[in-house]
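Work through these exercises with the sequence and the 3D view side by side. Try each task before reading its solution.

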Amino acid sequence: MRHIISILLQNEAGALARVAGLFAARGYNIDSLTVAATHDPLVSRLSLVLHGDNAVIDQIIKQSRKLIDVLDVADLTARAHLESELLIVKVRMLAGNDDALDACLYRHRAFPIDESEDIELGNIRTIQFAGPGSAVDAFIGELSAVSRLIELARSGTAALERGSPVLAVEA
Amino acid sequence: MNAQLDIADNDLSSASDETVAAHPLAGHTLSGAEIVVQVLADEGADVLFGYSGGAILPVYDAIFRYNHDHPNANGSEPMPLIVPANEQGAAFMAAGYARASGKVGVAVVTSGPGATNTVTPIRDSMADSIPMVLICGQVPRPAIGTDAFQEAPISNIMGACAKHVFLVTDAELLEATLRSAFEIARSGRPGPVVIDIPKDVQNTELTFRGEGTLPLPGYRARLRTVQNAKLDDAACTAFFAALERSRRPLIYAGGGVIASDGAAALREFAQAFGIPVTTTLMGLGAYDTTDPLALHMLGMHGTAYANYAVDDCDFLFTLGARFDDRVAGVPKQFAAGARFIAQIDIDPAEIGKVKPVQWHHLGDLPRALRRLREYGREHGFDPQRENRYAGWHTHVAELKHVHAMNYDRASPLIQPYAVIEAINRITDGRAIISTGVGQHQMWAAQYFDFREPRHWLTSGSMGTMGFGLPAAIGAQFARPGAVVIDIDGDASIRMNIGELETVTTYNLPVKIVVLNNCGDGMVRQWQKLFFKGRFASTDKSLHKKDFVKTAQADGFAWAQRLDRPEAVEQTIADFIAYPGPAFLEVMIDPDANVYPMVGPGASYAQMVCGDFIVARSEPAAADVNPSSMF
């Protein structure tokens, strides 16, 4: 089963490596991992997506809580939550598909952030899209039908619990 | 980063206003190295173990000056620095000191190879929950990441092995980091903490504050939760409702009882209600093994009677133990007759990790046990008066009698069990025993009496050969007046044999016994049982080492070889009575095995008892291929 785990982490030397190392040492494959500082510059938030049965995930969450730099951990999977992922994708235009591409971008609320001409490849566009991972997958599928994908970068999933609950260490 | 330190200071300010006088050196300018030594002294370090080198020289110089300037009343050094043959020895000495005393052991080593040589003892201490602080020199900050001389990525390497590792990149945080390292090492589930200190940080002039720790908000919040956890009436009621229904309750006690100083509370609880106790390898000493309620050790090489009692119990009370594979074997079949399993631990990750439990409490173990005992007494729970467990006590006594430990007492060869029994008789089971890893370790666990905590020092989880000798050295520093005996094997002692010289250098009265069976006995036992007797690389009968000459070369005035069974008693008496360092090699029956044995991946029903311990039934056939198990 797919799990989304959020971890609040103190910004200390090696803290991210210790979290990643814990998962690696116990044999868990991480599907995606995002990390950046929060509005408190001393605290980072990690979002991990991974697959495993509930008992296994429960154990890895308990092990994560034993790391000194970890402020708190939550498995958002079973809670109402919002998730989003950023995609930046570079495509080569196919002759006669300009309108189809524009329609695809419009439908998915994606937009071009760069455009350039290459002597050999022709018109190159870089497109930005944000949405849940499944929407990113669907968008990439449609985009590849109307253009030639040449490079892409996905940020991995970021997630927050819906409504008022907030992940924070107790005072 | 400075903001963090301010938060910590605010946390402490209220306490310091009321009671704590300012540190006499507060406000003074000290070098980073001097701050290291001052905080070590403030935290109670009375001996350090370590090996010098370029990147740690400022700290070594500061230790030298501290000892020179602060002699004890008798002129001795307040913080002697004990130098091993290898840094692995230093950190195992610190671990032996910590295990024997319950205090944080401290080792101080240089960068690169000095630090990497301690990876094994750090992991060993993590796996056995031993409090330790390891201070490593590191190359100066500008050189980090340049493949400098004696540089190694210690924070990465140790991050995977230790309870925590600090790389001090901000000199201003050095003092708070040192204090926090001790706090982390000794609090919660104890463990080793590594501080990697670049040489230029050691040389930085800093203002000593005399107080303050890092904020560690997540760790402290979780620690408060377990430290403040109380057993409420509902939890006590549920516990006793289950215990009321039990007629065959059993306590399964692990190393957590010793780490939490819970032995007295365990004794009071077990004796108040008359509940028999078996302990893990790490729990030996948590309950006096000579007590009628004691069943000694359970598990892979536990006593047959303890393992049968686990099979027969209907209520299992797990205290500071974690259903390790060497104990639980096949978790589903472990204590399969127990309708109710209760567990107390301080680590939330140990609840339900291996075996589901019906009741658990996360918190301080002795406090929880005392609360349960009082609750039971107040609510009229008195199985002793009702003689409720009379049948169970009779059954347990019969198990102990019928399935007692035994061996070939008529053999013309020296039996290792007889050697342990003789040492036990002569020391009245009160010596501090360390071991290597293998058959000799299990024989020592099985045939010694353990009356008190912290008398049994063994590498339980990691199973590190070479642990015994340096651990004994560390223990002797922790308990200068105690009889400390390293029970070792001929293969295990080779791993850190350089530390023989450390014993005589410091004139420690450590006693070293090598049970020599000319090879890796435990591996040979597995090869006999599971690999059709193909003794790949485990036979050392053609090895040329003369252990007695080795000991003599390292300065042992008392070094003897014992190879006549009739001389066992007298030789061991002389050996123990010798006032200084003593070394005894005993040529034992090379075919002696460790029984009982629950094979890897097997259940207790498949326990093999050998020819001299009475089994209850023929062992059930194995349902896994043991050669594939670990």
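**Exercise 1.** In which loop of chain B is B:Asp314 found?

Solution. The model is predicted: local features need pLDDT of at least 70, side-chain atom pairs count only at pLDDT 80 or more, and totals for chains, interfaces and linings use all residues. Residues are numbered from 1 along each chain as its sequence is written, while chains are lettered from A and ligands numbered from 1 in the order in which they are written.

Step 1. Locate the elements on either side. Helices (H or I, at least four residues) and strands (E, at least two) are DSSP runs, numbered from the N terminus. B:Asp314 sits in the loop between α14 (304–312) and β12 (315–319) of chain B.

Step 2. Judge its exposure. A residue is buried if 20 or more other C-beta atoms lie within 10 Å of its own, exposed if 12 or fewer, and partly exposed in between; C-beta atoms are placed from the backbone. B:Asp314 counts as partly exposed because it has 17 C-beta neighbours inside 10 Å.

Step 3. List its contacts. Two residues are in contact if their C-beta atoms, placed from the backbone, lie within 7 Å. Leaving aside neighbours within four places in sequence, B:Asp314 contacts B:Ser246, B:Arg247, B:Arg248, B:Gly337, B:Ala338 and B:Arg339.

**Exercise 2.** Describe the burial and the pairing of β12(B).

Solution. 

Step 1. Check burial. Five of the five residues of β12(B) are buried.

Step 2. Sort the side chains. In a regular strand the side chains alternate between the two faces of the sheet. B:Phe315, B:Phe317 and B:Leu319 point one way from β12(B). B:Leu316 and B:Thr318 point the other way.

Step 3. Find the partners. Two strands pair if DSSP finds at least two bridges between them. Strand β9 (residues 249–253) of chain B runs parallel to β12(B), with five bridges. Here B:Ala253 stands opposite B:Leu319. Strand β13 (residues 340–345) of chain B is also joined to β12(B) by five bridges and runs parallel. On that side, B:Thr318 faces B:Gln343.

**Exercise 3.** What radius of gyration does chain B have, and what would a compact globule have?

Solution. 

Step 1. Apply the rule. The radius of gyration is taken over C-alpha atoms; the globule rule is 2.2 Å times the number of residues to the power 0.38. With 630 residues, a compact globule would come out near 25 Å; chain B has 25 Å, so the two agree.

Step 2. The C-alpha trace of chain B spans about 70 × 65 × 50 Å along its principal axes. Of its 630 residues, 51% count as buried. Chain B holds 26 helices and 20 strands.

**Exercise 4.** Into which domains is chain A divided, and how do they touch?

Solution. 

Step 1. Domain bounds come from an automatic or database domain assignment. Chain A has domain 1 (2–79) and domain 2 (82–159). Their C-alpha centres lie 30 Å apart.

Step 2. Count the contact. Eight residues of domain 1 of chain A meet six residues of domain 2 of chain A. On the domain 1 side, β1 (2–10), β2 (30–37) and β3 (43–51) of chain A each give two or more residues. The largest share, three residues, comes from β2(A).
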